[in-house]
Structure formats: structure tokens, C-alpha cells
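Let us work through a protein model by asking what can be read from it and answering one step at a time.

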Amino acid sequence: MAGDLLMRTLLSVVIVVYDMPRQALNTIRSFSAGYQRKVGTDDFEIIVVENESERLLGAHAAQAVADNVRYFLQPNVGHSPVPALQFGVEQSRGDSIGLVVDGARMVTPRVLSLALAAFRITPHAIVSVPGYHLGRTEQHRNPNHDERAEKALLEHIDWLTDGYRLFEASVFFRGRHQHGFLLPLMESNCVFFSREAYALIGGVDTRFDMPGGGMVNLDLYKRLVERPEAQLFVTPGEGTFHQFHGGVTTKVDDKREQMLADFRDQYLAIRGEPYTMPDTAPRLLGPVPGWALPMLEFSASCGVRALLPA
Amino acid sequence: MRLRFLRRPLLSVVVVVYDMPRQAMNTIETLSPGYQRDVTSEDYEVVVVENESTSLLDPVVVRQLGPNIRYLLRQEAGTSPAAAVNEGVRQSKGAWVAIVVDGARMMSPGIVANTLRAQSLGDSVVAVPGYHLGKKVHQEAVLDGYDADREQAALAALDWRTDGYRLFTMAVLSASCRDGFLKPLAESNCMAVPRTQFDSLGGFDEGFTTLGGGFVNLDFYRRAVDRSTLIVLPSEGCFHQFHGGATTGAPGVDRDRLLVDMHKEYLTLRSEPHAPPQRTPVLLGAINPHAVPFLQHSLSRWQETF
């Protein structure tokens, strides 16, 4: 793939980082050509946009990972990733864009080669990578999962040697994939789309200005996949893995439900209707390593219940 | 689908037929543009190659199924379909060729579109898992009195023309795919490769001369997969109709003995016993609800060995 000029499509991965230097470094490493399989540094670029905080990742650490990392430090406006996201897309040069709104999301080693493959199938591809949480249960339900436990877990699985062992140390993020990934999904925390599609939907909506961006990611995903020409692919053998960092909706917090209600209210105010899941069913794309089997099994069982005629 | 300005079809599907007009008509209809989804007749062609027998297709009726369907009648002295496959490929025009070595295999409606999608992924083998219509594989069902009349009646009641994915509801995985499609398949009865790859492999090996061509299809699949990416279409199927095939219920055939002879022939030609190619498949395609039970079966069989 690398060096094949006729087939080459430059891909930009935009990663938004805030107050999570350890996690962001892992995430950037997981997107690097040294870890990703069947891609070279000429095939893609990594745009890191860091919102200012007291715990900076910094340009030196980010750019030391790989030659194709570009780093930008931005003021933290309103505790929302949306301005940084918009800025990152503006800086990117790829024909297609991969968006990681939460820089704490590591990925498995074929995410980039499969995203590029999908764009070779159709320029209208939307590629969604299923989401997982590191730890024994989803992190917002798990008060015992903290940074120290997670660091030990990641060291134990030696993920840099075999990134698919991330599945071994994680659980499926059912909050966003209640019916598995054979049925329509609510969002993706690692989603790829063409620059043209992004422009046609008007890009990210900066009115989502609540902490963490509120429902900005769900809104963007919904508008992307509901375009009539969109062809949605999901990678059943790949994943995006949330590392613990005290994120807005991924920490244990007794105010979480009220906050989610506020997010829904803002969505209603902006879109004029309550949020509903898109009903675009995905196509599978990619191999399925053994570690990913349980999630595909869960998805298949949901598929039987939800789709077969009564 | 695209590139319609090019005269050359993107894919040629070569279907070999011998002494099975009723089943072959169903097969050809499932490959027609009226049945296949998300494609037009300009995207692909179907080349039907019939080896002469006393029960022939009607070429006029065959061609009426679509402007992209061609029919060739040829003499065949032996019992192998290999020469017919090679002749069909020579006569075809597509950049890729899909081989349906047994014309009794009906197709699900997304085979052509998904094979065209897979072409974008580079040199590869696109394999469609195999099924048998009915509740048992045909070599077993025949012992219970299962026959073509019973099967065709069941098909008529299924209304497969309206939704071809209903074929999954009256099928079982074939013996070569019995462990599902996540574990190595022994063969595919609808497999597509780039024409350049077909040629560089020397096509189907006409040295296989046992009844029905012996392991000629398994041999080509093995040789092709050994050098390529394997793409499996998990929600598509090719469905064997009962027709008294060499290893699928032919009267008067000692199947066990025939299989021994086939293994021996393979060993002689390849200097090693036959084994399925060991390659992790890339899955491609949306999962139709009717195919989900087979996905679950595939997952459970694979998990047992993981």
C-alpha cells in the first residue's frame, strides 16, 4: 500500500487532546505507522490539536512518535472540543478524514488500512470503528478503575507488541452500541469520512458548546451516515479503546444523568427535534481476530432478536 | 455501479451446466440483473457454458433473462467441468472472473455487487460460502428420499424471486463449509479472481479427470487463496439444488469410494494430501437477518478452536 502512488489516498487523522498526556501519547502511538499495519507514513498524517491545560502533552512528545505528526496547541475555549475539532479539520490535508474527538481512544492495528480500503471501494464511505472501554466494566460504572490500574493493565498485555490484546483488557461500550454493530450505531469515537462529505453537511456544528461538546459527535455522525449516498462500513475486528482520564461522560459521576439530559435538551434546541438514532445499517469490512469474537457474537445475537420477522 | 462508459464488464460470471436444465435456469435467473441488487447489466456478464447432454437448456429462454447473459454449447468427452470453465473464461471479457463450477447453485442477491466492491481491495479471491437447500446436505438427504421434485416445490413456495435471502431459511451449510466461514473453507462454488490471476494459475487443471472433475474446484481455490488476500462474503450464499451430482446424491455412485479416488488423484497431481488453505478471511458485506444464524454458527465453531 505504501508507495503505491496510483492507489494512494492521503488520510488525515485528527485527534483532539485535553488534559490527558499519558492517554494521548498512547493514542498517537496507536495511530503511528510503526504500529498500524500495511500503511506507511506517506499514506496519512496525524493532526494533534491540544487544548491548553495544566497537564500538556506538548509538541515535542507528540512529534517524537512519528514524522507525520503535526501538533497544534489551542486555547481551551468553553471546555468543548468543538473549536479544536474544527481547527484540526481545517489544518488537515487528506482527501479523507478520521476523527477522534476524545484523544484518550487507542485503536487496533488495521484501523487505517481498512479505512483506506473502504475509500477505495467508494468515495462515499463512512467507516465506523466500534468502541470499547479498557477495564472489566464500562468506566462510568467502575469506581475501581483508575489510572494506576489501567497503566498496569496496559503493561501486562504489552499492547505495542500485539494491539489486538486490547480486546483482552476491555469491554464493549454498550452505551453507544446497545444492539451490537450489525445494526445501526449511534456514533463512533473513531469515524472516517471524505472531506467532500464533511463539507456537504456543513462540518461540525459549533453550537454544541457544552462540556465535552455535548452531543456534537452523535450529531456529526448522524448527519454523515444519513446522507443518501453514504455507505457505512463497520470494522468488526477493530476497536477504539477508551482510556481512563476523568472524561465528561466516562467517569463515575452522580450528576451524569442530569448532564446527559442537558445534552439532549441542547440537541433539541439546535435541531428542533429530539435526537433519534440513524437507521443506516452497516456493512462489515475486515478480518476478525479471535479476541474480537465475543463482540461479534453479541452483535449477531442482537441481530437475530431485532431483525428477524416475528 | 460505475465506469459504465467502459464497454468491458467489470466481472464475468462463468457458469458450467451439465444435464440439469431446471436447476440451471434457477441459477441463471439468480445471476440475472433483474435479481441481483445494486448492479446493472452493464456492470457484469454471465457466460453459461453447457456441456452437451440429453437434457439441454433452451438458449433463447436463457438469453431472455438479461442482455448480459451469453450461452455456449460445447461437446465434452470426459466428466470434468474443468475444460468448460477454461473455455468460458476464454470467451469472457471481464477484468475479473467468477467461477460457478456447478450450474445447480442458486445465488443470493448481493453476490455481484459485493464482488465488485471487493475488486477495489486489490488482488484477492472473493469466496461465497456454500449451502445445500433442504434440511440436510444432499448426500445425506437422498438417503431419506429427498429429491429434485420435492426441492423445486419447496422453492416455489418460498417466493425467492421476491427476496433471495429467503434461501437461507431453507438451507444448511455444505460439507466443505460445515464449520462456518470463519474457519478455512475447502472450496467455494462461487469464487472470483482477477483474470490475470486465473491466467497465471493456468486456469482449472484439466488433469483432474475423476467423475465430476474430482477435486479440481478445491485445487483451484487452494492455489488461488494461497497467493492472495481472501475475502469472504458472510451474508451471501450459493445454494446447491439437488440434481444427482457426482458427490451430492447421484444414484449408483459409491460416494465414499469416489472420494478416496479423488483424494488419490489430488495426491498424484500435487504430491501432497489435500488440505484447505489456511488464511484468515476479510469479511465484506452487510449482514442480512436471514443469514445471521449462519454467522452465529460460524462464530461458535471458530471459538471452539480459538
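Before the first question, a term is needed: a residue is called buried when its relative accessible area is under 20%, exposed when it is over 50%, and partly exposed in between. Please keep in mind that this is a predicted model.

Q: Which residues of helix 8 of chain B are buried?
A: Helix 8 of chain B spans residues 216-226 and is mostly covered, since 10 of its 11 residues fall into the buried class. What covers these buried residues includes helix 3, strand 6, strand 9, helix 7, strand 10 and helix 9 of chain B. The buried residues of helix 8 of chain B are Val216(B), Asn217(B), Leu218(B), Asp219(B), Phe220(B), Tyr221(B), Arg222(B), Arg223(B), Ala224(B) and Val225(B).

Q: Is Gln23(B) buried or exposed?
A: Gln23(B) has its place in helix 1 of chain B, which covers residues 21-30. Leaving aside residues up to four places away in sequence, Gln23(B) touches Gly103(B), Ala104(B), Ala148(B), Gln152(B), Gln241(B), Phe242(B) and His243(B). Because its relative accessibility is 6%, and the limit for this class is under 20%, Gln23(B) counts as buried.

Q: Is Lys38(A) buried or exposed?
A: Lys38(A) lies in the loop between helix 1 and strand 2 of chain A, and Lys38(A) has a positive phi of about 60° although it is not a glycine. The relative accessible area of Lys38(A) is 63%, so the residue is exposed.

Q: What is the relative accessibility of Ser271(B)?
A: Ser271(B) is not a glycine, and yet its phi is positive, at about 65°. Ser271(B) is found in the loop between helix 9 and strand 12 of chain B. Ser271(B) counts as exposed because its relative accessibility is 65%.

Q: Which residue of strand 11 of chain A is the bridge partner of Gly131(A)?
A: Strand 7 (residues 131-134) and strand 11 (residues 240-242) of chain A run parallel and are joined by 3 bridges. Within strand 11 of chain A, the bridge partner of Gly131(A) is Thr240(A).

Q: Which helix of chain A gives the most to the side of chain A that touches chain B?
A: In the interface, 27 residues of chain A are in contact with 23 residues of chain B, and the two chains bury about 2200 Å² between them, 71% of it on carbon and sulfur atoms. In chain A, Ile121(A), Leu284(A) and Leu293(A) lose the most area to chain B, together 24% of what that side buries. Helix 4, strand 10, strand 12 and helix 9 of chain A each supply at least two residues of the side that touches chain B. With 8 residues, the element that gives the most to this side of chain A is helix 9.

Q: How many salt bridges does the rule find across the interface of chain A and chain B?
A: Over all chains, the count of salt bridges by this rule comes to 29. Across the interface of chain A and chain B, the rule finds 3 residue pairs in polar contact, whereas the number of salt bridges found there is 0.

Q: How many residues apart in sequence are the parts that Arg55(A) and Asp19(A) tie together?
A: Arg55(A) forms a salt bridge with Asp19(A), with the closest N and O atoms 3.0 Å apart. Arg55(A) lies in the loop between strand 2 and helix 2 of chain A, and Asp19(A) in the loop between strand 1 and helix 1 of chain A, so the pair ties together parts whose separation in sequence, in residues, is 36.

Q: In which strand of chain A does Glu45(A) lie?
A: The side chains of Arg70(A) and Glu45(A) meet in a salt bridge, at 2.9 Å from N to O. Arg70(A) lies in strand 3 of chain A, and the pair ties together parts that are 25 residues apart in sequence, so Glu45(A) has its place in another element, strand 2.

Notes:
Residues are numbered from 1 along each chain as its sequence is written. Chains are lettered from A and ligands numbered from 1 in the order in which they are written. This is a predicted model: local features need pLDDT of at least 70, side-chain atom pairs count only at pLDDT 80 or more; totals for chains, interfaces and linings use all residues. Side-chain values use heavy atoms; hydrogens and water are left out. Helices (H or I, at least four residues) and strands (E, at least two) are DSSP runs, numbered from the N terminus. Buried means under 20% relative accessible area, exposed over 50%, partly exposed in between (1.4 Å probe, protein chains only). Contact means heavy atoms within 4.5 Å. Two strands pair if DSSP finds at least two bridges between them. Buried area is the accessible area (1.4 Å probe) that two parts lose on being put together, summed over both. A salt bridge is a side-chain nitrogen of Lys or Arg within 4 Å of a carboxyl oxygen of Asp or Glu. A polar contact is a pair of N or O atoms within 3.5 Å; within protein, one must be able to donate a hydrogen and the other to accept it, and residues adjacent in sequence count only if both atoms are side-chain atoms.
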